[in-house]
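Dear colleague,

Please find the structure below, handed over for your records.

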Amino acid sequence: MNLKKGIRSEAYFSWEEREAIIKEYQTGDLSKSEIWEKYTGQRMERGRLLRWMRKLGYIPEKKTERRKSFFYDQQPTSSALDKKEPYKTPEELQSKIKELEKQLEMSRIKAEGYELMIKIAENELNIPIRKKHDTK
């Protein structure tokens with residue numbers, strides 16, 4: 001394989017050349033931006049090598065996970081893991097039902113607490129929070 005050095009765009013690299021560049025980056029002493037400048041002549045790499053590494057399987061794909069809200073204080077549940085492997089026994093199903101009932105009760109208590117905070121803020125502190133029905 002012949003890797004020509006110099007000014008080249010990202011699109012002009014074959015997947016074999018991209019893989020050779022990634023291997024040189026992993027085994028060598030140069031940084032990503034130095035490797036990128038060496039092969040393209042451009043100073044800014046802008047995460048392209050990282051995308052190549054993801055596509056070629058050198059690192060796992062980036063997970064897109066939304067940020068938790070400001071009021072979110074619960075521990076993350078293992079629901080993603082539960083979807084991968086179905087439950088096998090009725091005891092496991094019963095325990096999962098109990099866990100979900102506890103979570104539901106906690107969310108109900110939170111909702112009541114938020115409603116109470118809004119009611120107190122509106123009545124005692126004269127802070128308008130809820131939207132009025134007659135507004136546009």
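**Helix contacts and overall make-up**

In the predicted model, Lys32, Ile35 and Trp36 of helix α2 meet Arg48, Leu49, Leu50 and Trp52 of helix α3. Contact here means heavy atoms within 4.5 Å, and helices (H or I, at least four residues) and strands (E, at least two) are DSSP runs, numbered from the N terminus. By class, the residues of this contact divide into five nonpolar, no polar and two charged. In that division, Ala, Val, Leu, Ile, Met, Phe, Trp, Tyr, Cys and Pro count as nonpolar, Asp, Glu, Lys and Arg as charged, and the others, Gly among them, as polar.

Two packed helices are described by the angle between their axes and the distance between the axes. For α2 and α3, the axes come within 9 Å and cross at roughly 95°. The two helices are therefore roughly perpendicular to each other. Axes are lines fitted to C-alpha atoms, for helices over the stretch in contact, with angles running from 0 to 180 degrees between N-to-C directions. Angles under 35 degrees count as roughly parallel, over 145 as roughly antiparallel, 65 to 115 as roughly perpendicular and the rest as oblique.

Helix α3 (residues 48–55) also has a crossing with helix α1 (residues 15–27): their axes come within 10 Å at an angle of roughly 110°. That makes α1 roughly perpendicular to α3. On the α1 side, Trp15, Arg18, Ile21, Ile22, Tyr25 and Gln26 take part, and they meet Leu49, Trp52, Met53 and Lys55 in α3. This contact has seven nonpolar, one polar and two charged residues.

Helix α2 (residues 32–40) has Ile35, Trp36, Tyr39 and Thr40 as its buried residues. These cover an arc of only 105° around the axis, which puts them on the same side of α2; the arc is that of the directions from the helix axis to the C-beta atoms. Their cover includes α1 and α3. Buried means under 20% relative accessible area, exposed over 50%, and partly exposed in between (1.4 Å probe, protein chains only). Thr40 counts as buried because its relative accessibility is 1%. Thr40 and Phe13 are 27 residues apart in sequence, while their C-alpha atoms are 9.7 Å apart in space. Just after α2, Gly41 takes a positive phi of about 85°.

Arg46 lies in the loop between α2 and α3 and is exposed, with a relative accessible area of 59%. Asn126 is placed in the segment after α5 (90–123) and is likewise exposed, at 64%.

As for the whole protein, there are five helices and zero strands, and the pattern along the sequence is α-α-α-α-α. Of the 136 residues, 14% are buried. Among contacts with a separation of 6 or more, 46% join residues 24 or more positions apart. The protein exposes about 11,900 Å², of which carbon and sulfur atoms supply 55%; accessible areas come from the Shrake-Rupley method with a 1.4 Å probe, and for residues only the protein chains shown count as cover.

Residues are numbered from 1 along each chain as its sequence is written, and side-chain values use heavy atoms, with hydrogens and water left out. As this is a predicted model, local features need pLDDT of at least 70 and side-chain atom pairs count only at pLDDT 80 or more, whereas totals for chains, interfaces and linings use all residues.

Yours sincerely
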